Amino acid sequence: MSATAAPAALPEAPRRPSPLRMLLRDAAAAASLVFVVLVVLAALLADVISPHDPFATDLMAIMQPPSAQYWLGTDGQGRDILSRMIHGLRVTLGMGLASLVAGGLLGALIGFMAAFYKRLDGLLMRLMDMLLSFPAILFGLALAAIFGPGLVSVVIALSIATVPLMARIVRGAALVVMGLDYIEAARAIGMSDARLILRHVAPNCLSPIFVFATLRLGQVILLGSALSFLGLGAQPPTAELGAMAAQGRNFLFIAPHISVIPSLGIFAIVLAFNVLGDALRDALDPKLRI
Amino acid sequence: MSAPLLEVAGLAKHYPVKRGLILAKQIGTVRAVDGVSFTLQRGETLALVGESGCGKSTTARLVLRLIEPSAGEVRFEGRDITSLDRADLKAFRRRAQIVFQDPYASLNPRYTVGRTIAEPMEVHGVRDEASRRARVEELLRLVGLAPYHAERFPHEFSGGQRQRIGIARALAVEPDLVVCDEPVSALDVSIQAQVVNLLADLQKRLGLAYLFIAHDLAVVKHVADRIAVMYLGKIVEIAEKRALFANPCHPYTRALLAAIPHPDPRRRGQVTPLGGDVPSPLNPPPGCRFHTRCPFARDICREKEPALANGVACHLAEELPPAGLDFSGGLAPNAAKRLALYAKAAENA
């Protein structure tokens with residue numbers, strides 16, 4: 001055994017931590033991840049975990065401060081705020097994520113097309129400029145006029161409002177990446193345009209996309225709340241965090257918790273998504289994965 | 001001599017310059033490459049040298065059809081690649097590859113090294129997964145890296161190592177022609193030598209032909225068989241390496257050679273560098289493009305554009321005194337003073 005010359009052991013490359021492990025190494029990111037998972041679970045299991053019926057009014061107990069029976073108090077019609085918030089998460093998150101994903105994907109596609117096919121660039125970007133010139137609220141009004149007020153109109157309006165922003169960001173990032181030599185090398189190899197975009201251009205545009213998407217999620221949730229507030233989105237008695245905050249404004253001086261608690265909920269969700277998005281971007285960057 | 005691997009004839013790339021937002025009007029043309037012709041044999045190295053902006057890199061990209069030429073032909077094994085359809089172009093890409101100047105921009109930072117080197121084989125459907133992996137290891141060894149490097153990302157390597165990775169990627173599909181676009185000019189001098197020697201060694205082993213773009217004549221002197229000198233989008237002189245260094249015919253070539261830094265202090269201060277800047281390719285001077293900076297320019301140079309004849313594009317090629325780099329004029333005053341001081345110090349010691 002010892003007589004035979006063993007081939008020199010090759011030095012092993014150190015094992016690289018997985019993106020998830022990288023994410024959990026950062027305390028704030030780990031906390032955000034746990035929070036986001038809990039929020040999503042709560043939204044999914046709303047019917048099971050809500051202590052009360054979110055629509056049941058208790059006129060003997062309106063505007064109650066937090067108590068043993070109503071943990072977060074009751075609103076102006078005596079409905080349990082905690083139960084309404086848990087049900088409201090469904091609407092708020094669903095609306096925010098749906099419009100972010102729909103608008104973001106379409107915007108990213110347009111951005112990549114504009115960067116990649118010079119001929120389409122002018123046309124596509126002028127279209128995006130046109131969209132940019134309308135405020136999201138106006139889209140909401142127009143769509144509500146066409147389809148009637150409701151969550152579908154809100155999601156469509158917010159998606160359309162997200163498209164040009166994402167398109168601009170993706171186009172800018174893609175133009176930078178496409179000027180680099182490894183794209184030229186990829187072309188010299190003879191790969192298809194689709195492969196070039198999906199494997200080489202898109203992954204290297206992820207950082208700005210992540211930053212924008214997490215910021216935009218917060219904005220979209222707030223915009224959705226604003227539309228609900230104007231009566232174009234979630235219709236009463238639907239529970240939605242923004243609408244709840246809006247409805248509580250009448251009692252801001254006598255029972256501030258009705259407005260403040262849902263607002264804090266929005267704040268915490270938006271913050272958690274922002275921290276998580278930031279950490280996710282870092283975890284997916286091989287340069288920072290050591 | 002057998003048929004050349006690569007024949008370039010009258011190759012040109014003109015970029016229109018437009019003004020106006022809606023009804024854009026063409027107000028001029030940048031003649032980045034303007035009628036370049038040369039041939040390259042199998043296993044040969046042709047160096048393309050010239051100042052920045054003279055069209056070397058554009059020529060390199062035209063030869064690989066990474067950009068579409070405005071005019072001219074690029075014949076690879078007799079077939080004009082400027083008119084190939086999609087499928088044939090892909091087949092051509094297996095035969096001709098490129099190595100880039102900047103090793104920090106030429107590797108996808110999100111790909112492991114193994115994936116970068118395996119991708120060309122994947123795209124061309126060469127070999128199966130397992131033997132591709134074996135080939136990646138083989139290529140890594142070939143360029144002086146270790147197989148375990150395949151798992152790593154580009155940012156974990158130095159510039160010289162990255163350049164080796166770039167070379168391995170270019171070799172993955174077993175090309176016959178490799179275009180080297182200033183492959184060492186971004187590297188430290190000590191690393192330059194390693195990479196240049198690696199390229200020379202690979203050429204010997206694999207019979208590669210190199211189109212070697214450079215501005216550093218010292219490197220060119222080491223690797224090239226023949227040298228083409230470019231100025232403002234045109235080749236002004238093309239010759240065997242020895243002939244060019246021993247007897248540069250074009251005044252521009254002479255100026256370039258004279259500008260090579262030399263360790264001998266006696267030669268210092270003897271070279272008159274070229275005055276002025278390279279004129280804009282948007283509006284190249286009429287006649288010989290070099291006449292604005294040429295110390296020998298005459299009337300004919302300002303009026304008539306010289307053709308490339310016997311490897312030189314100059315009206316006065318026959319008349320100019322043979323150049324050589326022999327400076328027999330004695331010492332420059334400063335250098336003489338310093339030498340005298342050294343001699344004195346040595347005496348006293």
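**Reading helix packing and a chain contact**

Guide: Helix 2 (residues 27-44) of chain A and helix 4 (residues 81-116) of chain A pack at an angle of about 105°, their axes lying 7 Å apart. This is a predicted model, where local features need pLDDT of at least 70, side-chain atom pairs count only at pLDDT 80 or more, and totals for chains, interfaces and linings use all residues. Residues are numbered from 1 along each chain as its sequence is written, with chains lettered from A and ligands numbered from 1 in the order written.

Visitor: How are helix 2 and helix 4 of chain A oriented to each other?

Guide: Two packed helices are described by the angle between their axes and the distance between the axes. Here helix 2 and helix 4 of chain A are therefore roughly perpendicular (65 to 115 degrees). The contact (C-beta atoms, placed from the backbone, within 7 Å) is made by A:Val39, A:Ala42 and A:Ala43 of helix 2 and A:Ile86, A:Leu89, A:Arg90 and A:Leu93 of helix 4.

Visitor: Why is helix 3 of chain B largely enclosed by the rest of the structure?

Guide: Helix 3 (residues 113-123) of chain B is largely enclosed because eight of its 11 residues are buried (20 or more other C-beta atoms, placed from the backbone, within 10 Å of the residue's own). Among them are B:Val113, B:Ile117 and B:Met121. The buried residues pack against helix 8 of chain A, plus helix 4 (129-142) and helix 5 (159-171) of chain B.

Visitor: How many residues does each chain bring to the contact?

Guide: Chain A brings 19 residues and chain B brings 26 residues. Helix 8 (residues 181-189) gives the most to chain A's side, with seven residues.

How values were computed. Contact = placed C-beta atoms within 7 Å. Helix = DSSP H or I, 4+ residues; strand = E, 2+ residues; numbered from the N terminus. Axes fitted to C-alpha atoms, helices over the stretch in contact; angles between N-to-C directions. Parallel < 35°, antiparallel > 145°, perpendicular 65-115°, else oblique. Buried ≥ 20, exposed ≤ 12 C-beta atoms within 10 Å, placed from the backbone.
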